[in-house]
Amino acid sequence: VAPTDRTLGAMEAKGLQLPALRPPAGSYVPYVETAGPLLYLSGQGADGRHGRLGEDMSIEEGQAAARECMLNLLAQARDALGSLDRVKRVVKIAGFIACTESFNDTPEVLNGASELLEEALGDRGRHARSAIGVQVLPRGFAVEVEAVFEIQPSADSSG
Amino acid sequence: VAPTDRTLGAMEAKGLQLPALRPPAGSYVPYVETAGPLLYLSGQGADGRHGRLGEDMSIEEGQAAARECMLNLLAQARDALGSLDRVKRVVKIAGFIACTESFNDTPEVLNGASELLEEALGDRGRHARSAIGVQVLPRGFAVEVEAVFEIQPSADSSG
Amino acid sequence: VAPTDRTLGAMEAKGLQLPALRPPAGSYVPYVETAGPLLYLSGQGADGRHGRLGEDMSIEEGQAAARECMLNLLAQARDALGSLDRVKRVVKIAGFIACTESFNDTPEVLNGASELLEEALGDRGRHARSAIGVQVLPRGFAVEVEAVFEIQPSADSSG
């Protein structure tokens, strides 16, 4: 039985049509539902991976930087949780990529982080994300990634 | 009875004064409280809406792009939830706008997304937000919007 | 007794090693765990603090702007909660800094916001964060900061 959707009915009565679903532009999913608890991870760069995509860094080098950012995030998550077994699901990552105005391949770069998550965590690594090309990152990093994980509850909740 | 506020008292004893409340710069609210559960939605662009505000795209075209991003997000939310009736509240959106360094009207552009939310969801569509002007977005999109929704609980929590 | 970590074992079997923990680049912590409820605060600028770091604004002026953004966020939080005593923990802030391509000191600028939090809230003010250098912010602000706070539950959950 299909669920009712009065909201959609009211939208359509106003002339608002939902578009077709767009496929993800990379190795991620369009949405993740979570009831928490959550682990918020500060943005991580990758040491020695400095530069700007579209200028002095190739897509492959950017992917390697994104992958290392994600390994740094997993290292912090393990420090926070004691064990990566407590990661229930990666909820969301945001990837910031230092690049020129004409660089259009931020999704490919961020796939370096997304694919590492699936490699390391399997289905638990499937996540929502946004990829954003920015002016500059701390210390001149090429890529910075932040993340929110859903975790198994614990008694201690301080970071 | 006004609640006590020892924190504010301690701040004032250190010389820290709270400033007057600033009004929102657009069609949004300054804060939203949520106890979850949450639906995290990956950033959505709007197909065919490429360009850079302040350069080759007008504010009206940017607003149309932002509106389409939000319709794409609602389409994904419906796919996730089965029915938009399960959207309890839009908690937060972040809008990224590709623009020149001198473009100051990112709030007006993002209003295209914010006003669509109120049109579609009424009071449930009132949300917190940030508007950020960036170098470049995936595929050269003019606008990308991501969102967090508070939802009615369900048995299935995977995206 | 150390917890088991089958996830890490499986990663190592694939040749994936966790790197050493990187120290935070500023006055923040690498992660915060939260079970909610949460208060999402819209991005706040600082009135009169316009400019671009690396061009027409010093690091000290940027820090002052970041500090005022955070005071604006605390003012909104008090309006939302009735009392800042209801702030259980600052979970995460994101700081966006308008700057030139060659400006590498976004962490120092954002410390203006982070240090204000610790000054105002003590241990409750310790937070995860990301610092992002961007093209332009609403109204030409030099800095914009958004935040997520963990709060004490209340009966009323609308913003």
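In the predicted model, strand E1 (residues 31-34) of chain A and strand E2 (38-44) of chain B pair in the antiparallel sense over four bridges. Pairing of two strands requires at least two bridges found by DSSP; strands (E, at least two residues) and helices (H or I, at least four) are DSSP runs numbered from the N terminus. Within this pairing, A:Thr34 has B:Leu38 of E2(B) as its bridge partner. Residues are numbered from 1 along each chain as its sequence is written, and chains are lettered from A in the order in which they are written. Local features need pLDDT of at least 70 and side-chain atom pairs count only at pLDDT 80 or more, whereas totals for chains, interfaces and linings use all residues, and side-chain values use heavy atoms, without hydrogens and water.

The contact between these chains, defined by heavy atoms within 4.5 Å, involves 48 residues from chain A and 49 residues from chain B. About 4200 Å² is buried between the two chains, with carbon and sulfur atoms giving 49%; this area is the accessible area (1.4 Å probe) lost on putting the two parts together, summed over both. Eight salt bridges are found across the interface of chain B and chain A, a salt bridge being a side-chain nitrogen of Lys or Arg within 4 Å of a carboxyl oxygen of Asp or Glu. A:Arg6 and B:Asp85 meet in a salt bridge at 3.9 Å, N to O. On the side of chain B that touches chain A, strand E2, helix H2 (59-81), helix H3 (106-121) and strand E5 (143-151) each supply at least two residues. H2(B) gives the most, with 10 residues.

Over all chains, the whole structure contains 35 salt bridges. One of them joins B:Glu33 and C:Arg86 at 3.4 Å, N to O. B:Glu33 lies in strand E1 of chain B and C:Arg86 in the loop between helix H2 and strand E3 (87-98) of chain C, so the pair joins two chains. B:Glu33 is buried at 7% relative accessible area, and C:Arg86 is buried at 16%; buried means under 20%, exposed over 50%, and partly exposed in between (1.4 Å probe, protein chains only).

Another salt bridge links B:Glu108 and C:Arg139, with the closest N and O atoms 3.1 Å apart. B:Glu108 is partly exposed at 24%, as is C:Arg139 at 30%. Salt bridges that share partners join A:Glu101, B:Arg52 and B:Glu55 into one network.
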